[in-house]
Amino acid sequence: MELKGKVALVTGSAKRLGRAIALALAKHGCHVAVHYLKSEKEATETVETLQKMGVKAFPFRADLTEEDQVKELVNSIAKTFGQLDILVNNASIFARTPFERLDASTWRKFMDANLTSVFLCSRYASELLSEGEGGVIVNISDTAAFKPWTGFLPYCVSKAGVVALTIGLARILAPKVRVNCVALGTVLPPEDFGDEWKQEMGAKTLLKRLGTPEEVAQSVLFCITCDYLTGAVITLDGGRYLL
C-alpha cells in the first residue's frame, strides 16, 4: 500500500505510542484521524503537529467500549475524510492486578478496553476499509499474550485475545482487508515505573535495551505497506521472548 493520500484512524493517538504511529504515518503523506477519550489537550496538540506536516488531521473523541460511540466515530470519519484505508488499534489500558484482589468488574474492564474495543472498531470500520483497493488493520498486542505475567492476568488475557482476533479477522476479511498484529515487549513503560525497573527490563532482552516508540511505528508501517502480509503476528521485544 502506498501511504500518500490514504486516511488512517489510530486509536489512542493523542500521546505515547499512538502519537508516534500517527506521526510516522503523516511523514509518509497519510491523513490521520486522531482518536482520544480523555486526553483532549494532547489530542489537539497532536493534530496541530500533524497539520504542520502537510496532512489533514482532526481529533475524534469516543469511548471505544461503547458500540454506539464506535459507530458514530466511524461515521464521523467517513463524513470528514470521505474514506478510511487504515485502522491501527492501539488504545488499551495497563495496570497491576494481583490475583487475590481480582474481581469480575476489573476483569470486564480490561476485556472491554483492550479486546472488545478492537473488535468493535474492526467490525464497524471494515466496510469502509473494504472499499476500493481495500485496506489494512494493525492491532497492537503484547508478548505477555504468550507468557503471561502473574500480577497482570486480565491485561495478558486481553492481549492474547487480540492475537486470536487478528488471525480470525484476517481469514474473515480477506482478500479486501489485510489484518496483522504487532506484539510488543517493553517499549514505553508507565511513567510511575522507575529507572531501576526500566534498566532491569532492558537487561532481560537479547539486545540489552528497551524498544522505542519509533521502532513500534516502523513495525506498524511494515504491516501496512507489505501487501502480501496478513494474519501475521510480529514480535517486537528485542529478543526477550527467546530467553
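**Close-up 1. N139 is a buried residue, with a relative accessible area of 0%.** Let's start inside this predicted model, with a residue that belongs to strand 5, the run covering residues 135-142. Because buried means under 20% relative accessible area, N139 falls in that class at 0%. Its side chain has a partner to look for: the side chains of N139 and T166 are joined by a polar contact of 2.9 Å. Setting aside neighbours within four places in sequence, you will find N139 in contact with N89, V118, S122, V162, T166, V179, N180, C181 and V182.

Close-up 2. With a relative accessibility of 0%, V182 counts as buried. Which residues surround V182, leaving aside its neighbours within four places in sequence? The contacts are V138, N139, I140, S141, S219, V220, C223, I234 and L236. While you are here, compare the position of V182 with that of V10: the two are 172 residues apart in sequence, yet their C-alpha atoms are 14 Å apart in space.

**Close-up 3. T11 lies in the loop that links strand 1 (7-10) to helix 1.** Is T11 buried or exposed? At 1% relative accessibility, T11 counts as buried. Beyond neighbours within four places in sequence, T11 is in contact with H35, L64, L87, V88, N89, N90, A91 and C121.

**Close-up 4. Helix 1 (residues 16-27) crosses helix 7 (residues 213-225) at roughly 55°.** The two axes come within 8 Å of each other. Helix 1 and helix 7 are therefore oblique to each other, and their crossing is right-handed. To find the contact, look for L17, A20, I21, A24 and L25 in helix 1, which meet P213, V216, A217, V220, L221 and I224 in helix 7. Sorted by class, this contact has 11 nonpolar, no polar and no charged residues. V220, part of helix 7 in this contact, is also one of the residues in contact with V182.

**Close-up 5. Helix 3 (residues 67-81) packs with helix 4 (residues 104-129) at an angle of about 30°.** Here the axes are 9 Å apart. Helix 3 and helix 4 are therefore roughly parallel to each other, and the crossing is right-handed. On the helix 3 side, the residues are E67, V70, K71, V74 and A78, and they meet L120, C121, Y124, A125 and L128 of helix 4. What classes make up the contact of helix 3 with helix 4? There are eight nonpolar, no polar and two charged residues.

Close-up 6. Most residues other than glycine have a negative phi, and most peptide bonds are trans. R16, which is not a glycine, has a positive phi of about 55°. R16 belongs to helix 1 and is partly exposed, with a relative accessible area of 37%. K208 also has a positive phi, near 60°. You will find K208 in the loop between helix 6 and helix 7, where it counts as exposed at 57% relative accessibility.

**Close-up 7. The peptide bond from A174 to P175 is cis.** Omega for this bond is near 0°. To locate P175, follow the chain into the loop between helix 5 (153-173) and strand 6.

**Close-up 8. G194 belongs to the loop between strand 6 (177-184) and helix 6 (195-203).** With a relative accessible area of 39%, G194 is partly exposed. How far apart are the C-alpha atoms of G194 and G134? They are separated by 43 Å, and the two glycines are 60 residues apart along the chain.

Technical notes: Residues are numbered from 1 along each chain as its sequence is written. This is a predicted model: local features need pLDDT of at least 70, side-chain atom pairs count only at pLDDT 80 or more; totals for chains, interfaces and linings use all residues. Side-chain values use heavy atoms; hydrogens and water are left out. Axes are lines fitted to C-alpha atoms, for helices over the stretch in contact, and angles run from 0 to 180 degrees between N-to-C directions. Helices (H or I, at least four residues) and strands (E, at least two) are DSSP runs, numbered from the N terminus. Angles under 35 degrees count as roughly parallel, over 145 as roughly antiparallel, 65 to 115 as roughly perpendicular and the rest as oblique. A crossing is left-handed if the near helix is turned anticlockwise from the far one by less than a right angle, and right-handed if clockwise. Contact means heavy atoms within 4.5 Å. Ala, Val, Leu, Ile, Met, Phe, Trp, Tyr, Cys and Pro count as nonpolar, Asp, Glu, Lys and Arg as charged, and the others, Gly among them, as polar. Buried means under 20% relative accessible area, exposed over 50%, partly exposed in between (1.4 Å probe, protein chains only). A polar contact is a pair of N or O atoms within 3.5 Å; within protein, one must be able to donate a hydrogen and the other to accept it, and residues adjacent in sequence count only if both atoms are side-chain atoms.
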